[in-house]
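Here are my notes on the pockets and the aromatic rings. Please read them with the model open.

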Amino acid sequence: MKWFGLFLMVLVFLIPAIYFKDSAHSKSNDEVSLNSKRELSIKEKSLPEQPVRFAFNSGYHFDYPDAVRGIYVTGNSAGASKFPGLIKLVDSTDLNTMVIDIKDDRGNMTYKPDPSSPYSKIGKNYIKDPKALLKTLEEKKIYPIARVVVFKDTVLANAKPEWSFMDGKDLWKNGRGESFVNPFLKEVWEYNVGVALEAAKLGFQEIQFDYVRFPEGFEKRDKELKYSEGNYKDLEGDGVQQRVSAVTDFVSYAKEKLKPYGVKVSVDIFGYTATLPEAPGIGQNFSKISNHVDVISSMIYPSHWTSYFGIKNPDLEPYKLVAEYSKVEKKKLEQLKNPPTSRPWIQDFTASWLGSGNYQVYGKSQVEAQIKALKDNGIHEYLVWNASNRYTPGVDYTP
């Protein structure tokens, strides 16, 4: 009994000690767990939310071709009886692309946008159902490029003379009765980028900007015409640098605005700009524009050259002309950190206006000669131009 009593006394002292020790340990663990959860919660709250990246989906699927080999198609051709024949041409040859007018050389859109669109007034019913057109191209695996003519725009110039060039009290026109709008003005940029966005939303995979320039010979009339210089008025340098900056800045602006839509951006440019530091009147600098596009498309039609490369009659020597140009362009592009794809425009038309002895009838051999010259100089993409969309039959487009 004596020993049993002693045992009970020990238990009386030990049990509270063990209990309180375990309770303290348990409490400590609970506090650590609670503190850890609180710290984790604070960390989670402090982390910035990852923005959901906008990814536009038109509902169509197009793969970029092994190399773009395309033809030009007007709005009229795309929406009329000529279109099935053009589809058949592409489908039955090594061609794989169509460059289709969405905003044409006068400034009209080639289809009727939604009535709520700010461009509804300039829409023409050439392409009656652009969605059906794109569906056809999707089914035929034809890569669709939307051509948007930018600064040559008689329609907009007439509607907004203050966005154009004035000759005294009259709207200035060139010898063909065409007017241009002013590349210095941000309002003009926004107007044209808006058209490009409409084309991207339709499902076109690439926007090709044409007439990204001032009127030809502008250096001879820049002091005579009345126009706003916008934010370029106080730019250092002469008028040439002002014009180059405005044109280049437009391209950069357009590329940035189109980025969320996942489309490629290309620009048509005069071929001779690659042979000069910059074209003084029109504001095109080959290298500066090339820095802001995915594709550069020089217009190198043999008929449009003088004796730049020591070729007396370039139209008569399409292979030599294209080969010589390609060498010059290659050197220009090699100087750029991230050069764009070269995809020149070549000629499938007869330049009879050059006069007897200066031109030849263009057909199968002349078109193939240009393609072969590009290929021999490492250029595998090209576009074929015929203003009326009458293309030579039987051409080997991968000679």
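1. Start with the lining of the largest pocket. Strand β7, residues 264-270, gives the largest share of that lining, with three residues. Keep in mind that this is a predicted model.

2. The volume of the largest pocket is about 800 Å³. It has 32 lining residues, and Glu-216, Phe-270, Met-299, Tyr-301 and His-304 are the closest to the pocket centre. By class, the lining holds 16 nonpolar, eight polar and eight charged residues.

3. The second largest pocket has a volume of about 160 Å³. Its lining consists of His-61, Phe-62, Asp-63, Pro-65, Asn-96, Glu-138, Lys-141, Ile-142 and Tyr-143. Four of these residues are nonpolar, two are polar and three are charged.

4. Now the rings. The model has 27 aromatic pairs. One of them joins Phe-214 and Phe-218, with 5.2 Å from centre to centre and 45° between the planes. Why is this pair called tilted? Planes under 30 degrees apart would count as stacked and over 60 as edge-to-face, so 45° falls in the remaining class, tilted.

5. Are Phe-214 and Phe-218 buried or exposed? Phe-214 has a relative accessible area of 0%, so Phe-214 is buried. Phe-218 also has a relative accessible area of 0% and is buried.

6. Both residues belong to a cluster linked by ring pairs: Phe-165, Phe-184, Phe-214, Phe-218, Tyr-227 and Tyr-232.

7. Two lysines deserve a look. Lys-160 places its charged end over the ring of Trp-163, 5.0 Å from the ring centre. Lys-264 lies over the face of Tyr-64, 5.3 Å from the centre of that ring.

Terms used: Residues are numbered from 1 along each chain as its sequence is written. This is a predicted model: local features need pLDDT of at least 70, side-chain atom pairs count only at pLDDT 80 or more; totals for chains, interfaces and linings use all residues. Side-chain values use heavy atoms; hydrogens and water are left out. On a 1 Å grid over the protein atoms alone, a cavity is a set of points where a 1.4 Å probe fits but cannot get out, and a pocket is an open set with protein on both sides within 12 Å along at least five of seven lines; lining residues have an atom within 4 Å of a point. Grid points are joined across faces, edges and corners, and a volume is the space filled by probe spheres set on the points. Helices (H or I, at least four residues) and strands (E, at least two) are DSSP runs, numbered from the N terminus. Ala, Val, Leu, Ile, Met, Phe, Trp, Tyr, Cys and Pro count as nonpolar, Asp, Glu, Lys and Arg as charged, and the others, Gly among them, as polar. Rings of Phe, Tyr and Trp (its six-membered ring) pair if their centres lie within 6.5 Å; planes under 30 degrees apart count as stacked, over 60 as edge-to-face and the rest as tilted. Buried means under 20% relative accessible area, exposed over 50%, partly exposed in between (1.4 Å probe, protein chains only). A charge sits over a ring if NZ of Lys or CZ of Arg is within 6 Å of the ring centre and within 35 degrees of the ring normal.
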